[in-house]
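Subject: Structure handover

Hello,

Here is the structure I said I would pass on. Please open it beside this message while you read.

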Amino acid sequence: MVWHNIFLLQEMIGLQEEINAFSSPLLVTAIHNGHALRPGISTYMAIDEFERLREEDPYTEYFADISESRLIVDTSRFEVDLNRPREDAVYRTPGQSWGIKVWKDKVPVSVWEYSYGEYDFFYNLLDRAITRFIDFWGYIIVYDIHSYNYLRNGKNSAEVDPEGNPEINLGTGSMDRQMWDPVVSSFMSVLHDYNYQGRKLHVAENIRFKGGYMAKWIHSRFPGKSCVLSIELKKIFMDEWTGAVNIPSINDLKEALKKTVPVVLDAAKGVAT
């Protein structure tokens, strides 16, 4: 697809790009943060706004300012999912979206083509941004922040499997795990030791998720020079059914992630040099 106005496309995808590659080798992303839709697209959607919000990752933008370099997407994953392969980036069938029917019948192909253009734009920008980090530091560390629902049977339902739903799940499935072990171990150690509201957090690796397509793409595109920590936060910091945020909880979780940064960056120096 050819874009006639690259700046318009960046505005439409709602991409907040704040890159200071010289401050540290850490980039934080929140690519499922968004809830916005481009004008006119909601006409073709079968999913309602409330159901969309529940499956999105609201407030993940809040965690991102633990770094000076951030990529935050304000566009809903139901318009374009940047954490899927390109062919699955638009949820055209319920099988791609937890059984949810996203689109009405007879959607003009141009609606989806524009979304694929947004997808291509994002990955071109990401490529340029990461190249900037690697040119300066020799490597990059990415905190790829997401969140997930755990009360799917209703607001007051019991969690089906608490052990299988860690409060912080670290996905490392596509990285060179042996190479980056000092970074992963440092990250996990800080979180295991953190005092979260008078108790320890349930932190695990590759239990709920192993990381998505963006992490896989980065590791494949920049082998040996990239370490993506795909961080899935259980929605204990909010009510997943109403969207209401728990201020003390979200602040505490942000502080926990913030404390990992200097330790992780120190460990990364030993790996990359």
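This is a predicted model: local features need pLDDT of at least 70, side-chain atom pairs count only at pLDDT 80 or more; totals for chains, interfaces and linings use all residues.

Strands

Start with strand β5, which covers residues 168–171. In a regular strand, side chains alternate between the two faces of the sheet. In β5, Ile 168 and Leu 170 are on one side, while Asn 169 and Gly 171 are on the other. Are these four residues buried or exposed? All of them are buried, and both faces of β5 are covered.

β5 pairs with strand β8 (residues 203–205) in the parallel sense, over three bridges. To find this pairing on screen, look for Asn 169, whose bridge partner in β8 is Ala 204. β5 is also joined to strand β9 (residues 226–234), by four bridges, and these two strands run antiparallel. There, Ile 168 stands opposite Leu 233 of β9.

Which strand runs antiparallel to β3? It is β1 (residues 15–18), joined to β3 by four bridges. In that pairing, Glu 18 has Arg 70 as its bridge partner. β2 pairs with β3 too, in the parallel sense and over three bridges. Here Val 28 stands opposite Arg 70.

Nonpolar cores

The largest nonpolar core has 44 residues. Within this core, the residues with the most contacts are Ile 141, Tyr 143, Val 183, Phe 187, Leu 229 and Ile 231. Two or more residues come from each of β2 (26–30), α3 (60–64), β4, β5, α5 (181–193), β9 and α7 (247–272). Which element gives the most to this core? That is α7, with 10 residues. Apart from this core lies another, of 26 residues, among them Leu 27, Ala 89, Trp 217 and Ile 218.

Val 183 touches Cys 227, Leu 229, Val 264, Ala 267, Ala 268 and Val 271, leaving out residues up to four places away in sequence.

Ala 268 lies in helix α7. Its relative accessibility is 0%, so Ala 268 counts as buried. Apart from neighbours within four places in sequence, Ala 268 is in contact with Tyr 139, Ile 141 and Val 183. Ala 268 and Gly 224 are 44 residues apart in sequence, and their C-alpha atoms are 12 Å apart in space.

Val 261 also lies in helix α7. Why does Val 261 count as buried? Its relative accessible area is 11%, and buried means under 20%. Not counting residues up to four places away in sequence, Val 261 touches Leu 26, Ile 66 and Tyr 143. The C-alpha atoms of Val 261 and Lys 210 are separated by 21 Å, and these residues are 51 apart along the chain.

Pocket and cavity

Rolling a probe the size of a water molecule over the atoms shows where empty space is left. The largest pocket has a volume of about 410 Å³. How many residues line the largest pocket? There are 27, and those nearest its centre are His 32, Arg 77, Trp 98, Phe 209 and Glu 232. By class, the lining of this pocket has five nonpolar, nine polar and 13 charged residues. At least two lining residues come from each of α2 (49–55), β4 (140–148) and β9. The largest share, four residues, is supplied by β4.

The count of cavities of 30 Å³ or more comes to one. The largest cavity has a volume of about 50 Å³. Its lining consists of Phe 50, Leu 53, Arg 54, Pro 58, Lys 235, Met 238, Glu 240, Trp 241, Thr 242 and Gly 243. Five of the residues lining the largest cavity are nonpolar, two are polar and three are charged.

Regards

Technical notes
Residues are numbered from 1 along each chain as its sequence is written. Side-chain values use heavy atoms; hydrogens and water are left out. Buried means under 20% relative accessible area, exposed over 50%, partly exposed in between (1.4 Å probe, protein chains only). Two strands pair if DSSP finds at least two bridges between them. On a 1 Å grid over the protein atoms alone, a cavity is a set of points where a 1.4 Å probe fits but cannot get out, and a pocket is an open set with protein on both sides within 12 Å along at least five of seven lines; lining residues have an atom within 4 Å of a point. Grid points are joined across faces, edges and corners, and a volume is the space filled by probe spheres set on the points. Ala, Val, Leu, Ile, Met, Phe, Trp, Tyr, Cys and Pro count as nonpolar, Asp, Glu, Lys and Arg as charged, and the others, Gly among them, as polar. A nonpolar core is a set of buried Ala, Val, Leu, Ile, Met, Phe, Trp, Tyr and Cys residues joined through side-chain atoms within 4.5 Å. Contact means heavy atoms within 4.5 Å.
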